[in-house]
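Take a look at the structure first.

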Amino acid sequence: MEISSGGGVVLEGVHSSVAALDALAAEDAFLAAGLGIGAGVDVLQRRYELRLERLEAVKRLEAQLAAVKARDVAEVVEIQHALLAPDAPVRERTYAEMPAVEEIAGVLTISFGAAGAFVEQFRQVCSLPPVLAALSAGDLSWQHARIVADETEGLTPDGAAALVAHFFDPDAPKPARGAAPGELIPSRFRVKVRSCRERHHPESLQKRHAKGVADRRMEYTPDRDGRAWISLHLPGHTASAIWNRTTATARGLQVPDEPRTLTQLRPDIAASLLLGASSTNEAAQANGSTGEIGKVLTPRADVLVMVPVCALLGITDEPAELDGHGPIPASLARKLVADGADSFYRVLVDPRDGAPLEIGRTRYRLPETIKQWIRMRDGKCSFPGCSNRTPDNDTDHLTAWEHGGTTGTSNLAQLCPKHHRLKHTRPWIPDPATDNEPPGWTSPTGRHYKPEHPDPEPTHWPAGLFPMPAVTQGVDPSPEDLPQWEPDDDKLIDLNDLSPEDPLWADFYRMPFALFPGSVGAGV
């Protein structure tokens, strides 16, 4: 067998990163000594920027060293197999890896089990050349690479290759949009990769969801200091509804004299709903809180469900998107929407291209409908690295209203309370948004952070749905190819002609959805 020699290229990158660190350290030493300082140089500001640049260089170096380790671990096992005689018995081949794994465990001072897990992860990463190349270049961390290894497990070779190409090949048919993998914090990158995996898994999401529902359970785990954990494993839509309602209730209780944080209020409210108010008040006081829950009012807390129009009508089974969770089976989405469940808010999109509808305004106050659009488009707080998905994030004007900013989707973004305050107190500058993409951000030091795009896939239009050559040939049409939707009755209203100020908009979005009698998917 041939053992790879690509480690030399990776080591060249390591040497370059070390040299970059040396240069930054030398410049900092000159500044500290007061040498070679040009006129107008703000020494303190430059030393601040140097430390940020060093952190960037260290991050790149750590990734490159992880690539070196990945190659060496995988090749140690390969070489161990190569040392075996071609006619070695099966039993000897079966146990060939054990000595190598034990050696790896000893060298890295980890357990045999941890070393075995490392071997499998490193093998998987090394089997995905674009991922290993990005790691070797320092473009993403080992955590990011491990996420790809985890999420491609169980996929067919073609499925794994397609998932990797989606995120790492800019020439792929439908490459991922928004920030590159290494520009996302690992938890947010996992969300995007898992969403892609759910859509391309060899077993349908409907079948996997049905199996998963049977595994629902509640667990109790004792913890230190007289504490314990209660966890629920539930269908995603149920868990999202519970989380959103608990959060909304907690926000409503945060009056000025309430000492508890949002994090503390959520478990108090959950205990109150399960045990009764008196038990929860006792528990809250035992926690050191002076607040009382009393009778908990549970406000409506909408969970947004975005369903492709063909899936809603039962023509296709492409997954829907549940806000705060990810893909769910089309059949479940149809049931949630058609049954009029009061916690679920249907999201209507332009059926021609799936983009949110721009609703320009001439007044500052936002209608609830456009807030819901921004919430679905952004998926979470749009600030770089923030994972706050709570439904009561602020919908903020990117260009302030008093500075001429309009109230439309291109000038609005979702921000959590913390980053809303930061935007107005420090010079973090947002880019304009678009109909289907949140804004990027520029930091006070000039670093630009691309937006984290939720990365939904374009709606699939089945062949023959419209009598057009492109569709007849099985090619998804562009928005320009699709027919313009116009009322065929003078008594009907074309929503495109309706004023954004008209109160009919609110009535329109509140209407429960009902499938046409006798249509495909009716009665689902």
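Predicted model: local features only at pLDDT ≥ 70, side-chain atom pairs only at ≥ 80, totals over all residues.

Y220 has a relative accessible area of 57%, and because the cut-off for exposed is over 50%, Y220 counts as exposed. This tyrosine, Y220, sits in strand 1.

- In soluble globular proteins, nonpolar side chains tend to be buried together.
- Here, the largest nonpolar core counts 45 residues, and V131, L135, V148, F168 and F189 have the most contacts inside it.
- Several helices supply at least two residues each to this core, among them helix 1 (7-33), helix 5 (112-126) and helix 9 (186-200).
- Helix 2 is the top contributor to this core, with 10 residues.
- Setting aside neighbours within four places in sequence, F189 touches H144, I147, V148, F167, F168, P181 and L184.
- There's also a second, separate core of 11 residues, including V305, I328, A330 and L332.

**A buried arginine**
- R260 is in the loop between helix 11 (236-253) and helix 12 (262-275).
- The relative accessibility of R260 is 5%, and since buried means under 20%, R260 counts as buried.
- Its side chain makes a polar contact of 2.8 Å with the side chain of E258, and another of 3.0 Å with that of D268.

Methods
Residues numbered from 1 in each chain as written. Heavy atoms only, no water. Core = buried A, V, L, I, M, F, W, Y, C linked by side-chain atoms within 4.5 Å. Buried < 20%, exposed > 50% of the residue type's maximum accessible area, 1.4 Å probe, protein only. Helix = DSSP H or I, 4+ residues; strand = E, 2+ residues; numbered from the N terminus. Contact = heavy atoms within 4.5 Å. Polar contact = N/O pair within 3.5 Å; in protein donor to acceptor, adjacent residues only side chain to side chain.
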